[in-house]
2 protein chains.
Amino acid sequence: MSSSTEPGGRAVRARVLVFPRREILDPQGKAIHNALSRLDFAGVEEVRAGKAFDIHLRGEDEADLKRQLEEMSQRLLSNPIMEDFQIEILPEGGR
Amino acid sequence: MSSSTEPGGRAVRARVLVFPRREILDPQGKAIHNALSRLDFAGVEEVRAGKAFDIHLRGEDEADLKRQLEEMSQRLLSNPIMEDFQIEILPEGGR
């Protein structure tokens, strides 16, 4: 079902990571940093908290897959005013 | 401040990803999958929704850094009953 030789093009697993933009406060990351300090993790210097999406996707080819991922990240997965996103296409068999 | 030659050992950026375990339902991922289908992303076969943490951390050496990350993932960043986590130490200068 997710073999890359089926009709319908190439199937991949991709990861989209969404983080608050650098210039935006990240209260969740700050709270986690504070909690880690209380748990005696003294070496922690900064924590940013974001979202991760693991997406199984079929497309014509690499360019089509990247275009789809870019578009869904902008339209649905992130809030482009507040957040940055990164797209990674995972190696086959990877997790 | 985050140079790796300072006293206090080695500083790295790490990423911890937390996803619902395979056998656990992921209603958020399912909702995103449905929303993507309504937006005409017909090639999406599965979506899992999780959390991402970007952590700047100082430790004695690689083994110490990994031990700290493993421990904070188990104790604070994930719920081990419901979630799996993955730890990645990022290459320097990477994002």
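Tutor: Start with contact, which means heavy atoms within 4.5 Å. By that rule, and not counting residues up to four places away in sequence, B:Glu88 touches A:Arg15, B:Arg13, B:Ala14, B:Arg15 and B:Leu17. Keep in mind that this is a predicted model.

Student: What makes the pair B:Glu88 and A:Arg15 a polar contact?

Tutor: The cut-off for a pair of N or O atoms is 3.5 Å. The side chains of B:Glu88 and A:Arg15 are joined at 3.3 Å. That is within the limit, so the label polar contact holds.

Student: Why is B:Glu88 called partly exposed?

Tutor: Buried means under 20% relative accessible area and exposed means over 50%. B:Glu88 has 24%, so it falls in between and counts as partly exposed. This residue is found in strand S3 of chain B. B:Lys66 is 22 residues away from B:Glu88 in sequence, with 9.2 Å from C-alpha to C-alpha.

Student: B:Glu83 lies in strand S3 of chain B too. Is B:Glu83 buried or exposed?

Tutor: Buried. Its relative accessible area is 17%, and the cut-off is under 20%.

Student: What does B:Glu83 contact, leaving aside its neighbours within four places in sequence?

Tutor: The partners are B:Val18, B:Phe19, B:Pro20, B:Arg21, B:Lys51, B:Leu77 and B:Ser78. With B:Lys51 there is a side-chain polar contact of 3.4 Å.

Student: How do you know that the buried residues of helix H2 of chain B line one face?

Tutor: List them first. In H2 (residues 62-77) of chain B, the buried residues are B:Asp64, B:Leu65, B:Gln68, B:Leu69, B:Met72, B:Ser73 and B:Leu77. Seen down the axis of H2(B), they fall within an arc of 165°, so they line one face of the helix.

Student: What covers the buried residues of H2(B)?

Tutor: Both chains take part. The cover includes helix H1 (27-38) and strand S2 (44-59) of chain A. From chain B it includes strands S1 (10-20), S2 (44-59) and S3 (83-89).

Student: What makes the relation of chain A to chain B that of a two-fold axis?

Tutor: Chain A can be laid on chain B by a turn of 180° and a shift of 0.0 Å along the axis, with an RMSD of 0.0 Å. That is the relation of a two-fold axis. Of the residues of chain A, A:Lys51 comes closest to the rotation axis, at 2.2 Å for its C-alpha.

Student: How do you know that the copies meet through the same surface?

Tutor: 100% of the interface residues of chain A are also interface residues in chain B, so the copies do meet through the same surface. In contact are 36 residues of chain A and 36 residues of chain B. The area buried between the chains is about 3,300 Å², with 60% of it from carbon and sulfur atoms. A:Phe41, A:Glu45 and A:His56 supply 18% of the area that chain A buries against chain B, more than any other three residues.

Student: Why is the link from B:Glu45 to A:Arg58 called a salt bridge?

Tutor: The rule asks for a side-chain nitrogen of Lys or Arg within 4 Å of a carboxyl oxygen of Asp or Glu. The closest N and O atoms of B:Glu45 and A:Arg58 are 3.0 Å apart, so the pair qualifies. Between chain A and chain B the count is four salt bridges.

Student: Which element gives the most to the side of chain A that touches chain B?

Tutor: S2(A), with 15 residues.

Methods. Residues numbered from 1 in each chain as written. Chains lettered and ligands numbered in written order. Predicted model: local features only at pLDDT ≥ 70, side-chain atom pairs only at ≥ 80, totals over all residues. Heavy atoms only, no water. Buried < 20%, exposed > 50% of the residue type's maximum accessible area, 1.4 Å probe, protein only. Helix = DSSP H or I, 4+ residues; strand = E, 2+ residues; numbered from the N terminus. Arc of directions from axis to C-beta. Least-squares fit on C-alpha atoms with pLDDT ≥ 70 in both. Buried area = accessible area lost by both parts, 1.4 Å probe. Polar contact = N/O pair within 3.5 Å; in protein donor to acceptor, adjacent residues only side chain to side chain.
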